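Colleague: I would like to learn how to read a chain interface and a sheet in a model. Please take me through one.

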Amino acid sequence: MLAAWAGRTARKALVLVGVVVAVGLVWTGYKALGQATDGHWPGTSIDLPVPTDDRTLPPFWDILRRFFEPQRRGDDTQLWRFILDAAAFTFREAAVGFVIGLAVGLGLALAMLRSGWLERGLLPYVVVSQTIPLIALAPLVVAWGNQLDVGFITWQPWMSVAIIATYLTFFPVTIGALRGLKSPAPEALELMRSCAAGWWATVRKLRLPASVPYLIPAMKVAATASVVGAIVGEISAGVRGGLGRLIIDYAQQYLSDPTRLYAVVIGAGLLGIAAVALVDLLDRALMRNRPREAR
Amino acid sequence: MTATSRPAPAGTDPATTQATTAAAITVTRVDQVFNAGRSNQVEALRGIDLAIAPGELVSLIGPSGCGKSTLLRVVADLVEPTGGTVTVNGKSARQARIDQDYGMAFQQAGLFDWRSVAQNIELPLELAGWDRTRRRARSRQLLELVRLGEFADHRPWELSGGMQQRVAIARALAVEPPILLMDEPFGALDEMTREHMQAELVRISAETGTTVVFVTHSIPEAVFLSRRVVVMSARPGAITHIAAIGLGARTEDTREDPAFFAAVTEVREALRGRIGAKATATATAKAADADADATAIAGEER
């Protein structure tokens with residue numbers, strides 16, 4: 001069991017290294033091609049889609065090396081450390097947003113399961129909610145948050161960002177949970193009824209366990225959405241300390257230090273992967289005893 | 001609710017007084033119309049009268065769409081009839097369901113993937129509020145009954161179709177329900193497993209005194225299992241004939257008994273509409289002696 005897990009992990013690590021090497025080769029090859037032909041497709045005068053100068057496309061190796069250099073002059077902190085701290089800050093917002101989104105999504109799905117009237121009334125608005133641009137919503141949430149007096153906690157800006165992340169996460173969870181809760185076969189529901197199981201007992205013993213295979217993919221989507229929501233939320237709410245702010249800062253200083261922006265973008269990507277990996281652990285725990293084809 | 005709660009004697013309700021014996025299940029003038037008043041209206045059942053004695057094993061047989069599954073669901077209180085009444089041990093079908101007087105099994109075993117075999121059997125017990133120790137003891141006992149003792153901690157999908165169906169039957173028997181309602185539970189099994197399961201069901205019913213209502217497509221199955229076979233016709237679903245099967249104790253040789261073939265023939269004739277209520281109504285063109293025969297049998301039922 002442990003050996004199989006170690007084997008799987010080693011295989012995954014190997015694939016990751018392979019992907020990095022492949023991207024590096026393509027990157028470097030493309031750059032070499034552009035420099036050899038002066039930015040044209042070979043044998044033509046047609047421009048390559050992306051210029052290959054060091055400012056637009058820094059050498060791949062330089063980007064990787066940048067992680068281990070000081071994040072800026074006058075600060076000895078290595079860049080990877082700096083990005084990691086920012087990622088941890090963003091992760092907290094995303095995680096809180098994810099958990100609230102999960103609760104809200106499950107709650108909405110249960111309410112819509114309970115009442116067809118509620119489902120017909122509510123579902124269109126759940127869909128509409130996702131068409132409102134996040135950038136428009138974020139300043140509003142921040143403004144409300146600043147006015148908010150919760151009593152036992154002082155409202156902090158990162159909490160507003162978590163709410164913004166919630167806004168992106170509850171949607172896939174609602175849809176996935178509703179489908180999952182409705183997935184049991186009519187016979188299974190008749191069986192529960194014949195055992196005199198009430199609505200809540202049927203939810204607990206049949207509908208919720210049956211919804212897990214639907215809920216897990218929805219949670220994976222929600223995990224990445226929570227990271228995106230947190231980063232975009234930080235940017236539009238002007239919250240410092242996370243990856244969002246770092247992306248803005250480094251973008252503004254792109255001309256003087258282009259590799260830094262690439263590094264933080266890679267960091268954001270890794271955070272998303274980490275979020276999905278956590279859901280994957282949950283997936284393994286919950287689906288341990290299910291037939292293979294359901295996994 | 002205890003596992004040993006047995007039905008109160010019937011007869012307190014006026015509806016049951018029509019039955020000659022103290023019936024376990026009494027169906028009185030039941031009609032079932034789906035989508036009433038709309039273009040897709042279906043008259044699934046019309047004027048169903050049926051009394052089933054305690055401990056009796058009765059099969060419902062008929063062509064697809066004759067309403068036999070609907071009748072089972074009406075008895076189970078999964079569907080509310082549009083007309084007529086169902087009385088179970090002197091109470092309404094709804095009350096009987098709430099009292100967990102029913103165990104049900106369907107064509108698909110319908111075991112829950114996320115539960116072990118034992119946990120699947122314990123589901124009705126959990127819902128009835130049994131504690132863990134008693135549940136365990138009961139599921140052990142039931143696994144022995146369906147001869148799956150060593151599979152308690154297996155996952156349902158690790159079992160063959162026949163074994164899964166046995167687990168489903170054990171689950172249906174868990175709370176010792178006085179009544180077992182089964183909707184083609186052996187339909188998806190191969191012939192050998194099916195015959196084995198039929199013998200098991202007869203044995204279990206005899207050992208536990210459980211009343212069984214069994215829906216099937218198969219004539220030999222109905223004849224082998226039942227004390228009476230209820231033959232139904234479609235559009236509207238109605239009982240056309242009730243064949244009393246006098247085969248005594250079922251053994252491996254029962255299926256080769258001439259009386260078995262005679263009973264199969266009787267049910268087949270009834271399904272073809274040559275005997276029974278429908279035949280008397282529609283068989284004007286038929287030979288006079290066959291007509292007289294049918295009338296005689298239909299008369300016997302009354």
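Predicted model: local features only at pLDDT ≥ 70, side-chain atom pairs only at ≥ 80, totals over all residues.

Colleague: How many residues of chain A are in contact with chain B?

Modeller: The count is 17 residues of chain A against 18 residues of chain B. On the chain A side, helix 7 (186-194) and helix 8 (199-237) are the elements that give two or more residues.

Colleague: Which element of chain A gives the most to that side?

Modeller: Helix 7 of chain A does, with 6 residues. By type, the chain A side divides into 10 nonpolar, 5 charged and 2 polar residues.

Colleague: Now the sheet. How do strands pair?

Modeller: Strands of a sheet pair through backbone hydrogen bonds, and the pairing is either parallel or antiparallel. In chain B, 6 strands form an open sheet with mixed pairing, in the order 6-7-8-3-9-10.

Colleague: Which strands of chain B stand at the edges?

Modeller: Strand 6 (102-105) and strand 10 (238-244) of chain B do. Each has a single partner strand, so one side of each has no neighbour in the sheet. From one strand to the next, the twist averages 20 degrees.

Colleague: Do strand 7 and strand 8 of chain B run parallel or antiparallel?

Modeller: Strand 7 (residues 179-183) and strand 8 (residues 211-216) of chain B run parallel and are joined by 5 bridges. B:Met182 stands opposite B:Phe214, which is in strand 8 of chain B.

Colleague: What does helix 1 of chain B lie across?

Modeller: Helix 1 (residues 68-75) of chain B lies across strand 3 (57-61), strand 7, strand 8 and strand 9 (228-233) of chain B. Helix 1 of chain B runs at about 150 degrees to strand 8 of chain B.

Definitions and conventions
Residues numbered from 1 in each chain as written. Chains lettered and ligands numbered in written order. Contact = placed C-beta atoms within 7 Å. Helix = DSSP H or I, 4+ residues; strand = E, 2+ residues; numbered from the N terminus. Nonpolar A, V, L, I, M, F, W, Y, C, P; charged D, E, K, R; others polar. Pairing = 2+ DSSP bridges. Axes fitted to C-alpha atoms, helices over the stretch in contact; angles between N-to-C directions.
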